[in-house]
Each structure stands twice: as C-alpha cells, then as structure tokens.
Amino acid sequence: MLKKRGLWWIFGPVVLAFVMITALFLAPFSLNYLSNKDIQKASVSFSKNVFKGESMKMAAFSDSKTKYVPFFGSSELLRLDAMHPSVLAAKYKRNYQPFLLGQAGTESLSHYLGMQEMTPALHKKQAVFIVSQQWFTKRDSKWAFSQFYSPLQTVNWLRNIKTISATDRFIATRLLEQKQISDNTFYARLITKIKNNQSLSGTDQNLLILRNRMLVREDQLFSNFAFSNNWNKQVEPALKGLPKKDNVSLLEQEAIRVAKKQTGNNKFGIKNSFFKTRVKPSFKKLENSQSHFDYRQSDEYSDFQAVLQEFAKEHTDVLFIIQPVNKKWSKYTGLNTKKYYQSVNKVKKQLKSQGFNNIADFSHDGGHKYFMQDTIHMGWRGWIAADTKIKPFFEHGYQETNYKINDNYLSKKWQNLMPTDTNLKNFK
Amino acid sequence: MLNLQPYADPQYFIILLLALIPLAVGLYFGKRFAWYEVVVSLVFIFLMFDGEKYHEGIALIIYMIWQWLLVWSYTLYRKRNNQTWIFYSATILAILPLVLIKVAPVADWAKVSSLLGFMGISYLTFRSVGMVMEIRDGSIQAFNPWNFLRFMLFMPTISSGPIDRYRRFVKDIESAPERDKYIEMLGKAVKYFFLGFLYKFIISHVLGTLLMPNVEKLAILSAHVHGGWSWWIIAYMYIYGLNLFFDFAGYSLFAVATGYVMGIEVPMNFNMPFLSKNLKDFWNRWHMTLSFWFRDFVFMRLVFLMMKKKWFKSRVTTSNIAYIINMLVMGFWHGLKWYYIAYGLFHGIGLVVNDMWLRYKKKHKLPHNKFTNALAIIITFNVVMVSFLLFSGILDKIWFHSFR
C-alpha cells in the first residue's frame with residue numbers, strides 16, 4: 001500500500017498540473033480585462049506581442065469610446081514626435097485615433113497575416129497604409145519576417161480560407177519558404193495543401209479550431225505583457241507643446257520651431273540625435289553606399305498585392321501614403337533617384353489600376369525643409385503634410401469601395417517588370 | 001517527415017514519455033526490457049536524423065562502425081600485448097573524426113563536414129576515447145559489442161551529454177533497480193523535468209530569446225560608436241553567461257531525468273556552479289561530466305606522464321603546466337576560434353593563479369569567515385562571467401568584423 005502511495009505522491013501533482021493547464025486553456029470565458037488606458041498604451045506601444053496577437057487589437061477596434069483605426073506601416077511609425085498622427089488625433093480629439101501596427105522590419109507579408117485576425121476591423125471600415133519603397137528590395141526582403149511571425153495569424157488565415165484563391169496559393173508558397181513554417185510539420189502539411197489547391201479536411205478544421213483556442217488563450221494571457229511607456233513618455237509631453245487650435249499654419253509654425261531646435265549638427269536636416277548615433281560613426285563609409293540600391297524588382301510587389309486583395313475582400317476604404325526619402329541624404333549616398341521614382345510609379349500603377357485611388361504620394365517632397373526627420377522617415381512637416389490627407393479622409397467617413405483585383409500582380413512577371421512608363425502602361 | 005529534436009518542445013516530452021511507459025512499467029516490476037529500450041532509442045535517434053538531416057544519420061552510422069571496429073580491435077590487441085605506440089595510435093584514431101570535423105570549417109572542407117558531421121559527435125568521442133584509455137589501464141577487459149552500442153547510443157544523452165562512463169553505465173543496464181530505488185528515481189526524474197522546464201523554457205527563454213538579441217544589437221551598435229567598447233557589453237556578458245547556464249543545465253536535467261525513467265543513473269552535469277568559491281571549485285560544479293572527463297583522461301594522465309619522465313623537478317610546475325594544457329585542449333575542443341582558445345587559456349591561467357592563492361592563503365593563515373566566503377563567491381562568479389564573455393564570441397564580432 002505504501003508503495004502505491006509513493007507513485008501517487010510523485011505523479012499526482014503532475015496529473016493535477018496537466019488538468020489545470022488544460023482547463024485554463026480550454027475554459028470558455030475570457031481571462032483578461034483590458035482598460036481604456038491599456039488600449040491607449042498599446043496603440044503606440046510597437047510591442048511585438050500586440051502586433052502578433054489578436055486580443056489587444058480586437059479590443060481596440062471594438063472600443064466604444066475611442067474609434068481606433070489601423071495604421072499599417074513600418075519604422076516611420078516609431079517617430080513619435082510632436083506632429084505624429086497619433087499625437088495630432090489625441091490632441092484635437094479627432095473622430096479617430098491611430099492604432100499603430102508596424103515597426104522596423106514589418107512588410108506586406110507580415111501585414112497580410114496580421115490582417116487575418118482583425119478582419120472585422122477592416123470590413124467596410126477605414127484604414128491608413130504607409131508604404132516605404134525600402135520594402136521593395138531585390139533580395140533578403142524578408143529578413144525580419146521571423147520576428148513578426150505568429151502561429152495564431154497563420155491559423156486564422158487558414159481558417160478564413162473558404163475557397164482557395166490565387167492569393168491564398170501565393171501566400172502558401174511564400175510561407176513555405178520561411179523556415180519557421182517549413183520546419184513545423186503541422187503547419188507545413190496544411191499549407192502545402194493550400195498551395196496544391198486542395199481544401200482542408202474536416203479533421204484539419206477541427207485541429208485548427210483547437211489550435212486557435214490555445215493560441216488565443218496564450219495571447220490573452222501574454223499580449224498585455226507589453227510594458228510600453230510610449231504614451232506617457234512621448235505622446236503626453238508632445239500634446240502639451242501643440243497649439244490650442246487645430247490649424248495647419250499654426251501647426252507648421254510649431255513644427256518649424258521644434259525642428260529648428262532639433263537639427264543643425266549636419267547639412268542634411270537630419271535630427272541631431274539620430275545623426276550623432278546612427279550616421280556619424282560611419283559617415284565616410286556611407287558616401288555613395290546606396291548607389292546600387294534598386295527597388296524596382298522585388299517579390300514584395302506580390303506580397304503587397306496580397307494586402308490589396310485582403311482590403312478588397314473586406315471592402316476596406318484605405319488611404320495609402322507613399323513616403324519620400326531625404327533628398328540631400330540620398331544625393332550623398334548616391335541613391336539613383338530615377339530608379340526610385342520608377343519604383344514609386346510601379347506601386348502607384350498597381351494601386352490605381354485596381355481602383356485604390358486614395359493615394360497621398362509624397363515621394364517628390366523629400367527635399368522640403370524639415371519634411372524628413374532623418375534619412376528615410378517623415379518627421380515634423382512631413383507628418384503635417386500627411387495630416388492634411390489623413391484628417392479629411394476620416395472626416396469624410398467610410399466611402400463605398402470599388403476595387404477590381406487583378407491576380408496578374410502576383411506573377412513573377414510583375415515582380416520583375418522594369419517599371420518604365422511603357423512597360424507599366426502595357427502591363428495588364 | 002516527422003523530425004524530433006531532443007527536448008526541443010513540449011510535444012517531444014509527451015511523445016518521449018509515452019514511448020517510455022512500457023519500459024517504466026517493466027522496471028517497476030523489476031524487469032528491464034533491453035530490446036524495447038534499444039528499439040525506442042533507435043526510433044528516437046532515427047527521428048533526430050531523418051528528413052533534411054539524413055546525411056547526419058549516415059555520418060553517425062559511419063562513425064559508429066569506425067569506433068566499434070577500433071575499440072573492438074584494441075581490446076583484442078590489449079589482451080595479448082600493451083605497446084605504448086599502439087595505444088597512442090588507437091587514441092588518435094578514435095579522436096580523428098572529431099578533429100577532422102573541428103578543422104573542416106577553418107580549412108573550408110565542406111565535404112568533410114557533410115560526410116562526417118552529426119550532432120553529438122563530440123560526446124560520442126568522449127565516450128569511446130574514455131573506453132580506449134580504460135582498456136589500456138586494464139579496467140575494461142572484454143569487449144561486449146551489444147553493451148558498447150547501448151553505451152554509445154544511449155538516446156537521452158546522445159546529442160549533448162552528460163558524459164557517462166562505460167563501467168558505470170554497464171552496471172546499471174545489467175540489472176533493474178530495486179522497486180524502492182526506482183520509485184525514488186522516478187521522483188527525482190519528475191523534479192528534474194520540471195526544474196528543467198523552468199530553466200530552459202522560462203528563464204532561458206527570457207534571457208536568451210527575449211533579452212539577448214536586443215542587448216547584443218545594442219552592444220555591437222554602441223561599441224561601434226564608441227570605438228570598440230560600451231557598457232552594454234557588460235550587460236551582455238551577464239545575460240549570456242546566465243543564459244548559458246540555464247539553457248545547458250536545463251538540457252542536462254532533461255537528459256538525466258529521461259535516463260532515470262529508463263532506470264539509468266546518468267551523472268549530473270551541474271551543481272550550483274555560481275556558488276563556487278574559487279575556480280577549481282567552479283570546475284567541480286560546472287559541466288561536471290566534461291570537466292571530470294578532462295580531469296581523469298587529460299589532466300591526471302599528463303601529470304603522471306610528466307612525473308614518470310621527470311620533466312620538471314617541482315610538483316607545482318608540473319600541475320601548472322598540466323592545468324594550462326588541459327584547459328587549452330578543452331578550448332580547442334570547443335572549436336578552432338581564437339576566442340575559444342583564449343577562453344581555455346584564461347581558465348588554465350586562472351587555475352594556476354587559483355592554486356598560487358590557495359598556497360599563499362594556507363601559508364599566511366588568512367582570516368576565513370562568512371564575509372570572505374561571500375567575497376570569494378562574488379569574485380569567482382565575475383571571473384567566470386568574464387571568461388564567458390570571451391567564449392560568447394561577441395568580442396570577435398565587435399573587433400574583427402565590420403558591422404553592417
């Protein structure tokens with residue numbers, strides 16, 4: 001008898017732990033409560049947990065008090081200075097508040113997957129999408145993908161597939177190129193099915209439901225582990241400096257005043273602190289370092305197409321913002337402007353030909369004073385210029401969309417097309 | 001294709017423990033199902049080296065045939081004769097595959113790496129070299145091909161140790177433990193598994209996956225700005241060093257626990273190394289099966305050799321030289337990189353200094369109390385951390401590779 005008890009003493013706690021953890025993961029009720037303040041903090045947190053997760057985003061986009069809208073982008077979103085869209089919206093109590101999705105390294109593929117867990121927030125709603133030409137590199141464009149990859153998004157994507165579209169097959173191919181996915185037997189098997197145009201079986205669907213349940217719970221438990229102080233440390237102080245009235249010329253004055261103070265140690269109009277830490281140490285080496293940069297041919301164009309298809313599917317009313325590069329800086333680093341503008345034309349062709357006509361193209365404004373905060377990111381006056389498009393966009397409210405998706409943009413032919421005027425005109 | 005890397009994720013533990021249930025039930029009732037143990041081991045080894053890693057699997061088979069023939073023929077030879085040069089040749093031949101693997105990346109022999117390389121080659125080499133030496137000593141006398149395979153390919157420890165000894169291992173597999181003893185082992189196994197989960201999946205995840213990449217980036221970036229040095233390097237040093245412990249100690253705990261479930265008392269690898277009072281104490285607590293292996297098969301043998309040949313008059317010189325060679329060999333074993341070798345040299349010199357200090361302390365009857373104890377622990381910890389900073393290779397990245 002004593003020996004039998006011995007075994008129970010050893011394994012009883014283990015069994016109990018498993019029962020408890022199963023109960024925790026499968027319990028049908030929500031485990032977390034997100035306050036308005038939590039959401040507000042998360043909206044400018046750039047936390048990877050928030051980006052990868054679902055619970056925080058959905059809590060924000062269904063918030064009844066503040067109307068959070070998704071701002072998709074990359075590193076420019078991090079520049080939380082005085083004229084940042086989040087600051088302006090908060091200061092003037094606009095009818096929207098940006099929920100920033102993206103940071104250095106997030107590109108179309110990460111955004112496409114991220115959208116899969118927030119489709120209700122996109123369906124017949126408005127969104128802003130900031131494009132950086134730097135995404136469209138010829139090689140290694142997916143260097144940061146692994147950092148932003150989330151199994152939950154993959155599960156949601158798989159579950160959202162009703163009939164397999166060209167985009168789904170394209171995304172399946174792209175995902176299988178990523179090690180994290182090809183190494184995982186479960187996901188690799190299901191995604192290979194999609195790639196081969198086979199629909200998932202009932203068992204697959206049930207397994208996905210179970211996975212989803214576990215991952216959502218994990219997300220609920222851990223996604224607000226984002227100890228971000230950006231709101232208190234950057235947004236709050238910025239609010240105080242802004243003019244009382246929401247007026248463009250007053251804002252311009254303030255932007256110039258602030259920018260003047262923060263620049264001056266370099267001839268490029270780059271913010272002093274950025275120049276000192278990120279540029280100066282290798283300043284000599286950077287001369288002509290970008291002469292071989294070329295954004296005209298990239299598989300990113302097709303990833304971007306997947307994003308467009310998702311917007312079309314959800315009838316999302318989107319404002320696209322195309323960022324410039326710092327003109328003086330690109331001259332110093334030898335960036336070929338002609339090639340750069342051609343890549344912008346390629347993006348615009350892809351947008352316009354499919355009915356995405358809300359485009360704020362600032363690609364030619366990188367030479368204006370205080371427009372750029374550093375080498376490739378909009379700052380002070382750049383944000384104000386963006387605001388003159390963003391503010392009316394939301395004041396107008398949601399407009400019916402009329403998108404016509406063309407799957408040819410998923411092709412290698414489009415990815416590799418040289419965007420000369422004639423080539424662009426002839427591409428159908 | 002299903003591929004299972006040892007102790008990599010929760011799924012692995014579930015599959016592993018389910019597979020071990022029949023074995024455990026047998027052991028509980030005093031029976032050891034040797035054939036079942038071998039089949040399970042082989043299946044899991046196959047799952048480690050299948051799919052994309054099939055060439056590692058083939059390398060493992062080639063390697064095993066090599067070692068098997070070598071150890072067998074040396075045992076046969078040793079029964080009749082005992083020439084030194086044959087012993088040296090056998091030892092060299094046993095180490096040869098490992099040496100080739102270590103030289104391959106430096107010499108750019110891609111073919112050698114893919115033909116001979118597999119995960120765990122070092123740990124198998126320790127086992128077979130240890131056997132060759134014990135055969136020479138006469139403490140292993142017969143070659144049992146079956147036991148040899150079970151020892152070499154013992155699944156829980158195949159890829160990263162702990163390094164067991166043949167005679168100890170064989171004693172375990174020849175019988176089943178008593179029921180009380182086995183229950184005690186199961187209790188320890190559960191404890192070690194969960195401690196391992198804490199170490200590897202929680203602490204090491206925070207340190208190694210969440211913190212380390214960011215701190216490394218900051219360290220490299222700001223060192224780049226400030227001419228090769230930054231305070232972030234210090235932060236990186238502690239994070240790297242602590243992570244090294246929690247990651248490896250967690251892994252070792254899994255291997256030991258799995259061994260216990262299989263009724264084998266795999267030796268422990270760590271014994272609170274950061275509470276060591278001096279460097280010698282540290283090596284008795286850190287990666288113990290490796291350092292004891294080096295102590296028994298490198299250090300001691302060097303000392304005996306040097307004493308026998310009377311190369312040095314003083315015992316102190318003899319042991320100092322043995323320390324330095326011993327640690328240098330360990331450094332080389334980690335890889336042919338300057339920072340691994342420097343790490344070995346650092347510890348070799350460290351042990352010499354440590355011995356000097358201990359002699360000085362004894363002679364001068366220095367005070368010994370709680371406070372000096374704590375101070376000793378703090379100093380040892382920090383010295384060890386500095387050595388891990390060397391070991392991490394971050395200095396190589398900062399100093400010798402331009403940062404993009």
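Trainee: How far apart do the C-alpha centres of domain 1 of chain B and domain 2 of chain B lie?

Mentor: This is a predicted model, in which local features need pLDDT of at least 70 and side-chain atom pairs count only at pLDDT 80 or more, while totals for chains, interfaces and linings use all residues. Residues are numbered from 1 along each chain as its sequence is written, and chains are lettered from A and ligands numbered from 1 in the order in which they are written. The domain assignment of chain B, which is an automatic or database one, gives domain 1 (33-174) and domain 2 (199-400). The C-alpha centres of domain 1 of chain B and domain 2 of chain B are separated by 26 Å.

Trainee: Which helix of chain B gives the largest share of the side of domain 1 of chain B that touches domain 2 of chain B?

Mentor: The contact (C-beta atoms, placed from the backbone, within 7 Å) takes 19 residues from domain 1 of chain B and 20 residues from domain 2 of chain B. On the side of domain 1 of chain B, the elements giving two or more residues are helix 4 (84-107), helix 6 (121-137) and helix 8 (166-173) of chain B, where helices are DSSP runs (H or I) of at least four residues, numbered from the N terminus. The largest share, 5 residues, comes from helix 6 of chain B.

Trainee: Are helix 9 of chain B and helix 10 of chain B roughly parallel or roughly antiparallel to each other?

Mentor: Helix 9 (residues 179-225) of chain B and helix 10 (residues 232-261) of chain B pack with their axes 7 Å apart, at an angle of about 155°. Axes are lines fitted to C-alpha atoms over the stretch in contact, and angles run from 0 to 180 degrees between N-to-C directions. Angles under 35 degrees count as roughly parallel, over 145 as roughly antiparallel, 65 to 115 as roughly perpendicular and the rest as oblique. Helix 9 of chain B and helix 10 of chain B are therefore roughly antiparallel.

Trainee: Is A:Lys328 buried, exposed or partly exposed?

Mentor: A:Lys328 is found in helix 19 (residues 327-333) of chain A, and, leaving aside its neighbours within four places in sequence, A:Lys328 is in contact with A:Lys267, A:Phe268 and A:Gly269. A residue is buried if 20 or more other C-beta atoms lie within 10 Å of its own, exposed if 12 or fewer, and partly exposed in between. Because A:Lys328 has 17 other C-beta atoms within 10 Å, A:Lys328 is partly exposed.

Trainee: By what distance are the C-alpha atoms of A:Lys328 and A:Ile270 separated?

Mentor: Along the chain, A:Lys328 and A:Ile270 are 58 residues apart. Their C-alpha atoms are separated by 9.7 Å.

Technical notes. Two residues are in contact if their C-beta atoms, placed from the backbone, lie within 7 Å.
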